[in-house]
Amino acid sequence: MALPARFERFTLLGIALLHLGVQLTHAYGHAAADVPVPAVQQAYVVIVVSLMPVAAVLLAFRRRLRLGAALFAASMYAAFVFGYLLHFVIDSPDLHSNVVGDGAGVFFHTALNLALIEFAGFAFGLVTAARRIR
């Protein structure tokens, strides 16, 4: 049995709002830990990580649930891969083990929470989009 469209729309909205809140806290972690963000990465974060999920939720609420859920899944996947590689894999100033000082705890925990939220958002968006195929 398929979930009601209203539930799916509001779940996408809830995930997007939670993601935005943790993302803002992570930005504070970057500032507190003095971790620079290059301009290209800032543009990616603004467009793909911040604006795309919001656009996807707006589509979902405008009777384009399947398209909105697919866009949401794509944006969450792109955000997950970006954040996972920068915070946990690639040796850079963004790598959690390279961040020291007072802001290191906030930086690490928000990076970890973002990864979990983005993966969950990807999975929910993908399942929602797939269920809506007729």
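**Figure 1. Helix α1 in the predicted model.** Helix α1 has 28 residues and spans 41 Å from its first C-alpha to its last, close to the 40 Å expected at 1.5 Å a residue. The expected span is 1.5 Å times one less than the number of residues, and helices are DSSP runs (H or I, at least four residues) numbered from the N terminus. This is a predicted model, in which local features need pLDDT of at least 70 and side-chain atom pairs count only at pLDDT 80 or more, whereas totals for chains, interfaces and linings use all residues. Residues are numbered from 1 along each chain as its sequence is written, and side-chain values use heavy atoms, with hydrogens and water left out. The buried residues of α1 are Glu8, Arg9, Leu12, Ile15, Ala16, His19, Val22, Gln23, His26, Gly29 and His30. Buried means under 20% relative accessible area, exposed over 50%, and partly exposed in between (1.4 Å probe, protein chains only). Among the elements that cover these residues are α2, α3 and α4. Ala5, also in α1, is partly exposed because its relative accessible area is 22%. The C-alpha atoms of Ala5 and Ile15 are separated by 15 Å, the two residues being 10 apart along the chain.

**Figure 2. Helix α3 and its packing.** Helix α3 covers residues 65–89, and its 25 residues reach 34 Å from first C-alpha to last, close to the expected 36 Å. Its buried residues are Leu65, Gly68, Ala69, Phe72, Ala73, Ser75, Met76, Ala79, Gly83, Leu86 and His87. They pack against α1 (5–32), α2 (39–61) and α4 (104–131).

**Figure 3. The nonpolar cores.** The largest nonpolar core has 15 residues, and those with the most contacts inside it are Leu12, Ile15, Val57 and Phe72. The elements α1, α2, α3 and α4 each give two or more residues to this core. A second, separate core has 5 residues, including Ala33, Val35, Val99 and Ala104. A nonpolar core is a set of buried Ala, Val, Leu, Ile, Met, Phe, Trp, Tyr and Cys residues joined through side-chain atoms within 4.5 Å.

**Figure 4. The surroundings of Ile15.** With its neighbours within four places in sequence left aside, Ile15 is in contact (heavy atoms within 4.5 Å) with Phe72, Ile117, Gly121 and Phe124.

**Figure 5. The largest pocket.** The largest pocket holds about 380 Å³ of space. A pocket is an open set of points on a 1 Å grid over the protein atoms alone where a 1.4 Å probe fits, with protein on both sides within 12 Å along at least five of seven lines, and lining residues have an atom within 4 Å of a point. Its lining comprises 24 residues, of which Gln23, His26, His30, Val45 and Phe82 lie nearest the centre. Each of α1, α2, α3 and α4 supplies at least two lining residues, and the largest share, 8 residues, comes from α3.

**Figure 6. Two loop residues with positive phi.** Most residues other than glycine have a negative phi. Asp34, which is not a glycine, has a positive phi of about 55 degrees and lies in the loop between α1 and α2. Asp34 counts as exposed because its relative accessibility is 66%. Arg63, likewise not a glycine, has a positive phi of about 65 degrees and is found in the loop between α2 and α3. Arg63 is exposed, with a relative accessible area of 74%.

How values were computed
Points joined across faces, edges and corners; volume = space filled by probe spheres on them.
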